[in-house]
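Dear colleague,

I am passing on the structure below, and after it you will find a short account of what was found. Please read the account with the structure open beside you.

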Amino acid sequence: MMKIALSLGAQPSPLWTLAKQCGVDRVVGSINLSPVPNANKEQQPYSYMSLARVKATYEDWGFKLEVIESRPPMEKAKLGLPGRDEEIEVVCELIRNMGALEIPVWCPAWMPILSVIRTSATIPSRGGARVTGYDHEYLRNAPPTEHGVVTEEQQWDNLKYFLERVVPVAEEANVKLAMHPDDPPLSPIRGVARIMSSVENYQKLIELVPSPVNGIALCQGNFTLMTDNLPDVIRHFGRQEKIFFGHFRDVRGTPEKFAETFHDDGQTDMVACMRAYREIGYEGVFRPDHYPRMGDSGWRDDHGIARLFAIGYMKGLIEAVYTE
Ligand SMILES: [Mn+2]
């Protein structure tokens with residue numbers, strides 16, 4: 001059965017209490033993994049001891065640390081620049097330590113330079129809630145980045161170089177690699193290729209360096225923009241045992257123009273998706289993500305109440321689908 005996890009920062013907060021009260025027992029670790037200058041190896045955030053303390057703190061509140069979604073700097077690796085081997089060594093160190101601590105999944109992403117792009121965080125949604133979105137029209141005349149044209153071919157070369165070094169370490173550590181899609185799944189943007197943007201390219205990813213640990217984070221908000229039949233895509237990768245983690249969320253629109261939505265208000269058949277996860281025997285965690293900003297304008301509660309809505313929706317859907 002799919003299990004619900006929440007992304008929670010490594011310091012206890014009122015949200016931890018709310019999550020527990022909603023019956024969430026699993027977390028996706030959100031940790032700053034940037035190397036600390038002038039610190040010794042033991043003091044780095046990806047050291048065994050640092051990660052052990054994070055895991056122990058979650059467990060003090062009754063949370064099992066299922067996934068680490070934070071990433072150390074990987075920009076040189078993504079661009080194939082000098083210094084990439086040092087970045088890759090940090091990634092390998094993180095994965096070895098996760099394995100030793102039995103943290104089963106790491107979620108990398110491969111979006112050089114531009115990362116996740118939104119053109120607005122204040123799009124009006126239901127009842128005055130505000131959501132984020134992307135409209136490529138605003139980037140039509142955007143200048144190229146300082147890196148000029150970055151081709152898909154270069155990106156595949158750099159990703160292959162990265163995976164050839166990281167996958168054997170992950171196999172040894174028994175840590176699964178769940179690659180998050182490009183957000184938006186659109187390529188190129190401002191001259192920069194974004195290769196994790198199509199179902200075909202995801203198949204290419206898992207065949208690039210074949211391994212039981214080389215797989216997918218099925219972020220529904222991105223994948224639903226790559227296909228008009230997300231349940232089929234879930235079955236396609238599920239049959240290959242390649243879905244290791246996911247984000248349970250929805251959008252309305254196209255890769256060129258979309259807005260985030262509440263779970264019950266998007267374009268995707270969420271019930272059919274949940275049935276697909278049941279059919280493939282998915283046993284890992286999913287977390288909700290990209291919550292609408294609820295409440296009156298100006299009222300900030302760090303998305304606490306929208307998370308509660310998302311958890312309730314997911315719990316109800318899981319219970320309905322897994323008992324029918
Ligand atoms: Mn996502």
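**Strand pairing and helix packing**

Strand β9 (residues 243-247) runs parallel to strand β12 (residues 285-287), and two bridges join them; strands here are DSSP runs of type E with at least two residues, helices are runs of H or I with at least four residues, and both are numbered from the N terminus. Two strands count as paired if DSSP finds at least two bridges between them. Within this pair, G246 stands opposite F286 in β12.

Before going further, please note that this is a predicted model, in which local features need pLDDT of at least 70 and side-chain atom pairs count only at pLDDT 80 or more, while totals for chains, interfaces and linings use all residues. Residues are numbered from 1 along each chain as its sequence is written.

The pair β9 and β12 belongs to a closed barrel of eight strands, which runs β1-β2-β3-β4-β7-β8-β9-β12 with parallel pairing. On to the next strand, β7 and strand β8 (residues 214-219) pair in the parallel sense over three bridges, with G215 in β8 as the bridge partner of A178. Strand β7 (residues 176-179) is covered on both faces, since K176 and A178 on one side and L177 and M179 on the other are all buried, a residue being buried if 20 or more other C-beta atoms, placed from the backbone, lie within 10 Å of its own.

Turning to the helices, the axes of helix α4 (residues 84-100) and helix α5 (residues 152-173) come within 9 Å and cross at roughly 15°, where axes are lines fitted to C-alpha atoms over the stretch in contact and angles run from 0 to 180 degrees between N-to-C directions. That makes α4 roughly parallel to α5, a term used for angles under 35 degrees. Residues of α4 including I88, V91 and I95 meet residues of α5, among them F162, V166 and V169; contact requires C-beta atoms, placed from the backbone, to lie within 7 Å.

Another helix pair is formed by α8 (residues 230-239) and α9 (residues 270-279), whose axes come within 8 Å and cross at roughly 15°; α8 and α9 are therefore roughly parallel to each other. In this contact, α8 residues including L230, P231 and I234 meet α9 residues, among them A272, C273 and Y277.

Notes
Parallel < 35°, antiparallel > 145°, perpendicular 65-115°, else oblique. Contact = placed C-beta atoms within 7 Å. Buried ≥ 20, exposed ≤ 12 C-beta atoms within 10 Å, placed from the backbone.
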